[in-house]
Amino acid sequence: MEILELKGISKEYRSGRGTVKALSDINLAVKKGEFVSIMGPSGSGKSTLLNIIGCLDRPTAGEYFLDGMKVDRLSDDKLAEIRNRYIGFVFQKFHLLQGLDALGNVELPLIYRGIGSAERKRRAKEALDAVGLSDRMRHRPSELSGGEQQRVAIARALAQEPLLILADEPTGSLDSNTGRTIMELFQKLNAERGITVVMVTHDRDMAGYGRRIVRLLDGRIKEEEFIVKM
Ligand SMILES: Nc1ncnc2c1ncn2[C@@H]1O[C@H](COP(=O)(O)OP(=O)(O)OP(=O)(O)O)[C@@H](O)[C@H]1O
Ligand SMILES: [Mg+2]
């Protein structure tokens, strides 16, 4: 079963300085439970593609089906609803609120979803436990290492019980050892919970934690590589 299917997706950015064609005729299908890495040079359209997959932006042309729903022409409100329900985001810069501790950061999106306090605490604690941070719940971001902050960001995504985790350069701000810990965590969540992961990375070693690498060049899919695990 496909969780997402892009058919002939193109994206143009129009501004006073002209038009940039960021994506051209992208065809991509991802099955439930897959772990896909997207690679490609700077400016090749990786973030643009991830933003469209994440319903943060709409394509200029083409069709996008998420969990069987056609979402390429939905209103901003509908897209926000779908993001909330299906998608967890992890970014290079962790985007944690400095004034809140780890637990507070993980709980925050659940408040916006109208989930009651007891259930929120339960889910947030479970998610922090899943990323190995039970003993850091009361620490603020400034009292955590980079890898720990990224694990809080992953717990925040996880607590929303997403079908899909989208990560844009999740190890870009981390040293390579810490980066590997984060990749192992994604692998574990993917294998044990069946959460689909789509990740953008510059790093071939990190990309290799996925099962498939999609390479972009000038807004087009140049090639796909399937990783055989020993
Ligand atoms: N909001 C925007 N307005 C105009 N052009 C944009 C906008 N966002 C991206 N672009 C252009 O679209 C192209 C693709 O950008 P994108 O951010 O998807 O690249 P990327 O592969 O993620 O690069 P990087 O590895 O540097 O993050 C680039 O040429 C970029 O300049
Ligand atoms: Mg980018």
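The buried residues of helix H3 (residues 102–112) pack against helix H4 (117–130) and H5. Here helices are DSSP runs of H or I with at least four residues, strands are E runs of at least two, and both are numbered from the N terminus. The H3 residues in question are Ala102, Leu103, Asn105, Val106, Glu107 and Leu110. "Buried" has a plain cut-off: 20 or more other C-beta atoms within 10 Å of the residue's own, with 12 or fewer counting as exposed, anything in between as partly exposed, and the C-beta atoms placed from the backbone. Packing rests on contacts, where two residues touch if their C-beta atoms, again placed from the backbone, lie within 7 Å. Just after H3, Gly114 takes a positive phi of about 75°.

A word on what you're looking at: this is a predicted model, with local features needing pLDDT of at least 70, side-chain atom pairs counting only at pLDDT 80 or more, and totals for chains, interfaces and linings using all residues. Residues are numbered from 1 along each chain as its sequence is written, while chains are lettered from A and ligands numbered from 1 in the order in which they are written.

Zooming out, the chain has seven helices and 10 strands. Its C-alpha atoms fill a box of roughly 45 × 40 × 40 Å along the principal axes. For 230 residues, a compact globule would have a radius of gyration near 17 Å, and the chain agrees with its 17 Å; that radius is taken over C-alpha atoms, and the rule is 2.2 Å times the number of residues to the power 0.38. Of the 230 residues, 41% count as buried. Among contacts between residues at least 6 apart in sequence, 67% join residues at least 24 apart.

Now for the sheet. Six strands form an open sheet with mixed pairing, in the order E6-E7-E8-E3-E9-E10; strands pair if DSSP finds at least two bridges between them. Strand E6 (87–91) and strand E10 (220–226) stand at the edges with a single partner strand each, so one side of each is left without a neighbour in the sheet. From one strand to the next, the twist averages 20°. Angles like this one run from 0 to 180 degrees between N-to-C directions, using axes fitted to C-alpha atoms, for helices over the stretch in contact.

E6 and strand E7 (residues 164–168) are parallel and share five bridges, with Phe91 partnered by Asp168 in E7. Helix H5 (residues 146–159) packs on the sheet here, touching E6 and E7, and its direction makes about 170° with that of E6. E3 and E8 then pair in the parallel sense over four bridges, where Ser37 stands opposite Met199 in E8.E8 deserves a stop of its own. In a regular strand the side chains alternate between the two faces of the sheet. Both faces of E8 are covered: Thr196, Val198 and Val200 are buried on one side, and Val197 and Met199 on the other. Take Val198, which lies in this strand and is buried, with 26 other C-beta atoms within 10 Å. Setting aside residues up to four places away in sequence, Val198 touches Val30, Val36, Ile38, Leu50, Ile53, Leu164 and Leu166. Val198 and Gly54 are 144 residues apart in sequence, yet 9.9 Å apart in space, C-alpha to C-alpha. H1 lies across strand E3 (35–39), E7, strand E8 (196–200) and strand E9 (212–217), running at about 155° to E8.

The residues around ligand 1 are Tyr13, Ser15, Val20, Ala22, Gly40, Ser42, Gly43, Ser44, Gly45, Lys46, Ser47 and Thr48, where a residue counts as near if its C-beta atom, placed from the backbone, lies within 6 Å. Strand E1 (2–15), strand E2 (18–31) and helix H1 (46–53) each give two or more residues to this shell, and H1 gives the most, with three. By class, the shell around ligand 1 has three nonpolar, eight polar and one charged residues. In that scheme Ala, Val, Leu, Ile, Met, Phe, Trp, Tyr, Cys and Pro are nonpolar, Asp, Glu, Lys and Arg are charged, and the others, Gly among them, are polar.

Glu161, in the loop between H5 and E7, has a positive phi near 50° without being a glycine. Asp218, in the loop between E9 and E10, has a positive phi of about 50° and is not a glycine either. Glu161 counts as partly exposed because it has 14 C-beta neighbours inside 10 Å, and Asp218 counts as partly exposed with 14 such neighbours inside 10 Å.
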